[in-house]
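Here is a short report on one protein model. It starts with a single side chain and then widens to the whole fold.

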Amino acid sequence: IAFICEVLAPLHPEQVRRALPTLLSGPSVPSDQPNSEAPRNLQFELFLAAQLAHSGFSVTLQEPDIVFVHDTETMGVAAKRPISRAQIVRRVREAVDQLQTTGNIGLVALSLDRLLPDANPYVVAGSETALDDAAQTLLKKAFQPHAHSIHEAIRSTRITGLVVSMGLVGLVRVPWQTGHVTATLWLARDDDLPDESSLVRRIVL
């Protein structure tokens, strides 16, 4: 939330001010079972917007969820946070429909926070670097079983690529301290379309 406020508040002060009560009402651990998904859903959208803005893109907070300008091209991002594995492909298709409704090309963004095991929401690591590596490993492990189905769902659409994310809370052993980390994968389509693959690479770089 601090990163969201630091990056987005100077750019979109009124929207961030309105969002804060919702953001602050969410659970501290991403995989917790909350009374409402709205706080974490909104946090995912705004964190992704902050990442893009921090990387130098012009970002607006509008439908589909985020719009940013890359070179001279306006792109949309539809963000979804499925609460179970069974929901993943359906939520991807909803994101595709959302982008198509707004007439945007762009990215489908998925947060896989809720796929972390409920009984073990924390990761113990020896250093902050090890915590980052562990988060990246967990993200890839959560995404891989669904990768083919997700790519199939965006085939024959105007979707440029995927953003897959997972936020988690870790414990760093020396010294003992908590750490919040977000792992993100920026993925081009898997059907080797050169323009789409090139665009995603340019965004990441």
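Is Phe68 buried or exposed? Phe68 is buried, because its relative accessible area is 0% and the cut-off for burial is under 20%. Keep in mind that this is a predicted model.

**The aromatic pair**

The whole structure holds 2 aromatic pairs. In one of them, the ring centres of Phe57 and Phe68 are 5.3 Å apart. The planes of these two rings meet at 65 degrees, so the pair counts as edge-to-face. The cut-off for that class is over 60 degrees.

Where do the partners sit in the chain? Phe57 is in the loop between helix H3 (38-54) and strand S1 (58-60). Phe68 belongs to strand S2 (residues 66-70). The pair therefore ties together parts that are 11 residues apart in sequence. Phe57 is buried too, at 14% relative accessibility.

**Two further buried residues**

Leu107 is part of strand S4 (residues 106-111). Its relative accessibility is 1%, so Leu107 counts as buried. Val67 is 40 residues away from Leu107 in sequence. In space, the C-alpha atoms of Leu107 and Val67 are 10.0 Å apart.

His146 sits in a loop, between helix H5 (128-143) and helix H6 (147-154). Which residues does His146 touch, leaving aside its neighbours within four places in sequence? They are Arg85 and Ile88. Is His146 buried or exposed? His146 is buried, because its relative accessible area of 15% falls under the 20% cut-off.

| Residue | Relative accessible area | Class |
|---|---|---|
| Phe68 | 0% | buried |
| Leu107 | 1% | buried |
| Phe57 | 14% | buried |
| His146 | 15% | buried |

**The whole protein**

How many helices and strands does the protein have? There are 7 helices and 7 strands. Read from the N terminus, their order is α-α-α-β-β-β-α-β-β-α-α-β-β-α.

The protein has 205 residues, and 47% of them are buried.

Now the contacts. Take those between residues at least 6 apart in sequence: 64% of them join residues at least 24 apart.

Technical notes:
Residues are numbered from 1 along each chain as its sequence is written. This is a predicted model: local features need pLDDT of at least 70, side-chain atom pairs count only at pLDDT 80 or more; totals for chains, interfaces and linings use all residues. Side-chain values use heavy atoms; hydrogens and water are left out. Helices (H or I, at least four residues) and strands (E, at least two) are DSSP runs, numbered from the N terminus. Buried means under 20% relative accessible area, exposed over 50%, partly exposed in between (1.4 Å probe, protein chains only). Contact means heavy atoms within 4.5 Å. Rings of Phe, Tyr and Trp (its six-membered ring) pair if their centres lie within 6.5 Å; planes under 30 degrees apart count as stacked, over 60 as edge-to-face and the rest as tilted.
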